[in-house]
Structure formats: structure tokens, C-alpha cells
Amino acid sequence: MSMQGSQPMSSAGRSGGRRRAGVALAAALGLLLGLGGSAAAQQRELRIFTFEGYTDDAWVKEFEAANDATVNVTYTGSVDEMFAKMKGSDGADYDLISIDTSLFERYIEQGLIIPYDMAEIPNKSNLLPAFQKVDEVMHEGQQYGVPIAWGSLGLIYDKDEVDPPPTSWEALWDEKYKGRIIVLDDTNNNIVNTAIILGFPDPFNLTDEQLQAVKQKLIEQKKVLLSYFAGFEEGNNIWESGNAVLMFSMGEFQAVDLEKRGYNVAYIIPEEGGVGWLDCWAISKGVQNKDLAHAWVNFFLQKSVGERMSEKYGYGNTTTQTAGLDYADQLTWLRPAEDFAKRTEIWNDVKATPVQ
């Protein structure tokens, strides 16, 4: 460029130039910061606290891609652990949790979950008739849970080792298998199941006398136990490492996994009956993105997701009929208990009692 005819810039001109340059630089930085903030705002995150089996990697990746979001999953080993963590953070650490129908009253009373806007879940129309209206997830006309899966807490046994095949829960007290029996570490499910074994007509409303009978029965069981376990993976790992042959299980999916590991196991509901559960997605009080939480639940109610879940994990889904689950009439469906605090105290006493 020719410099002919150019004149030296005055100090005022240089000062004005610096001011203009400063303004331009500030504007450019502001634009960059604004763009950065916009990009950060687009980094949506969904925090799920659940049991294993409800956040398969394939489903998570499909949801993330479709919703431009990141899903972070935390697994729990028991309903007691989940409640303690939700209570401890006042729900702030999670957006969605999976809980069974017996727990809704407790979570609602503590203000730890909030109701759905069901208009944001159009796939609710895929729910089978039995799951379209579930009283236990309703409160004051609002819906706090969306059913996703059902099953039972059955007895698993090794068909090569347990002879004759068990027909009663009393197999879990059999001295013949001492040191080869494992039991789910779960307050309410152990008390309910033991009440069923003892023949009490309403295992969710027990008298003090009945609760003491349950407690004594569970203490007697400790004489033959190898271990308690918390969580699906831990239970099956203990089965392998401890040479277990009998289990009070978390459900059908534990038997499916043991079969995949090469064990010749069977899953039964003994003659006394058993505990049935209906799990639901619930929105935490501390949810950060309600739209994203609703989107996950709507995604989960696709029939294809339900079918894949049942095929892979062995329990029933709520959108398609599940072959092989023909024992629903033998199950006692979970409901709120008469005094959960008292039940927790009893279960803690059972675990703390030394083996005689």
C-alpha cells in the first residue's frame, strides 16, 4: 500500500484509536464468552440413580444421541441405600430414580420426589392396561411414578447341587447347605418374605408379636448363611467366589446372568408364594432439567425398549406381554409397610446378632 500523503497521527488520534480498539476487543471477547456460555448451556446432563438393568449402554447412547445430552448413571445396591442418599442430599444429587410402588408414600411424605406432567410423556399410551392406572403412584390427583418393569424376588438354586429340587423357602434354612446360602440385604423385602413364609395373612401390616416372630426366624437363618449381598452384581459374584447353591434373589435377571456365567440354575416361586415388585421412574425433587427427565421416561416407554429389557434381563416390562412370567398369581405385590422405621430397627438387630 502506498504511504504517500499519509500524515503522522496526533496523540488524540492515537488515544481514540486505542479506545476504539479496546471497545472492539471487549466486544469480541464478549461474543466469544457468550458463545462459550451458549455452548455450555447446550451441554445437558441427566443424572439417574437406579438399580442395574434399567440403563443399558445401548439405550443410554441412543437417548444421548437423540437428545444432545449426557446421561450419568449411579447404581444402588438396595432400597435402603437409595433412600439414605436421597435423604442426605435432599434429592439434589439426582434427576431420576427407580423405586417400587411400596416406597412412594415414604418418598412423597419426605418431599423427595415431584409429580410428572403426563402431557410430556405421549408414550404413556403404550402402557399395558394393568399399568395405565396404578394407585400407589398417585397422590392428591397427581402422578409421581411411571411403571417400567415388574417381577419377583424368587429362589435361585443350583440344579446340579441341590437335590431334591426345593419347593419351599425353608430350603434357605436347611443345614444341609450350611455356608452355601446367600440372601439379599434388604430390610423390607426380607421381613415381607419371611412373613409370607410364616403364613401371616398381611405381610405389610404385622403386629409386634408377628414382627418378633419374623425377627427370630431371620436370626435362626444366620446359622446357615454364607453371606448377605447388596446389589445384583455383588450377589452373583459372591455366588461364584463362595460356591453358593441357594439364593434369596433380587429377581429373575440374577438367574439369567448366572446362566450366562455357565451355571445350571433354576428360578422358582416356592409353594408359600413370594414378593412381587413393580418398579417405576420417579423425578427427584432436585431435578435440574425437567424436560430431559420427561424425555428419558418417554423414551423408556417405547415398546422396543421394553422388549429388549425383558429379553436381556428376564423380568416383565410394562409395554409388552412377557413370555414365561406366568406366576403373577403367586405373588404378593409390594405395598407400604405399617412402620418402616421399626422394620429397619429389626433388620439391623438381625444383622448385628452374633451367630450362636
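Analyst: Helices here are DSSP runs of H or I with at least four residues, strands are runs of E with at least two, and both are numbered from the N terminus. By that count, helix 5 (129–132) and strand 13 (274–284) each give at least two residues to the lining of the largest pocket. The model is predicted: local features need pLDDT of at least 70, side-chain atom pairs count only at pLDDT 80 or more, and totals for chains, interfaces and linings use all residues. Residues are numbered from 1 along each chain as its sequence is written, and side-chain values use heavy atoms, without hydrogens and water.

User: Why is the pair of Phe-253 and Tyr-315 called edge-to-face?

Analyst: Rings of Phe, Tyr and Trp (its six-membered ring) pair if their centres lie within 6.5 Å; planes under 30 degrees apart are stacked, over 60 edge-to-face, the rest tilted. The centres of Phe-253 and Tyr-315 are 5.2 Å apart and the planes stand at 90°, so the pair is edge-to-face. Phe-253 lies in helix 9 (residues 252–260), and Tyr-315 in the loop between helix 11 (303–313) and strand 14 (316–317).

User: What makes Phe-253 and Tyr-315 count as buried?

Analyst: Buried means under 20% relative accessible area, exposed over 50%, partly exposed in between (1.4 Å probe, protein chains only). Phe-253 has 7%, so it is buried. Tyr-315 has 1%, so it is buried too.

User: Why is the pair of Trp-296 and Phe-299 called tilted?

Analyst: Their planes meet at 40°, with centres 5.7 Å apart, so the pair is tilted. Trp-296 and Phe-299 are 3 residues apart in helix 10 (residues 290–300), about one helical turn. Trp-296 is buried at 0%, and Phe-299 is buried at 9%.

User: How many aromatic pairs does the whole structure hold, and which residues do ring pairs link into a cluster?

Analyst: The search finds 21 aromatic pairs. Ring pairs join a cluster that includes Phe-253, Tyr-315, Trp-296 and Phe-299. Tyr-54, Trp-59, Phe-63 and Phe-232 are also among its members.

User: How do you know that helix 10 is mostly covered?

Analyst: Of its 11 residues, 8 are buried. Among them are Leu-292, Ala-293, His-294 and Asn-298. Asn-298 has a relative accessible area of 16%, so it is buried. Leaving out residues up to four places away in sequence, Asn-298 touches Glu-120, Ile-121, Pro-122 and Asn-123 (contact: heavy atoms within 4.5 Å).

User: What makes Lys-351 partly exposed?

Analyst: Its relative accessible area is 33%, so Lys-351 is partly exposed. Lys-351 sits in helix 12 (residues 340–352). Beyond its neighbours within four places in sequence, Lys-351 is in contact with Asp-185, Lys-222 and Tyr-228. The C-alpha atoms of Lys-351 and Tyr-228 are separated by 9.1 Å, though the two residues are 123 residues apart along the chain.

User: Where does the charged end of Arg-106 sit, and where that of Lys-217?

Analyst: A charge sits over a ring if NZ of Lys or CZ of Arg is within 6 Å of the ring centre and within 35 degrees of the ring normal. The charged end of Arg-106 sits over the ring of Phe-83, 3.5 Å from its centre. The charged end of Lys-217 sits over the ring of Trp-173, 4.6 Å from its centre.
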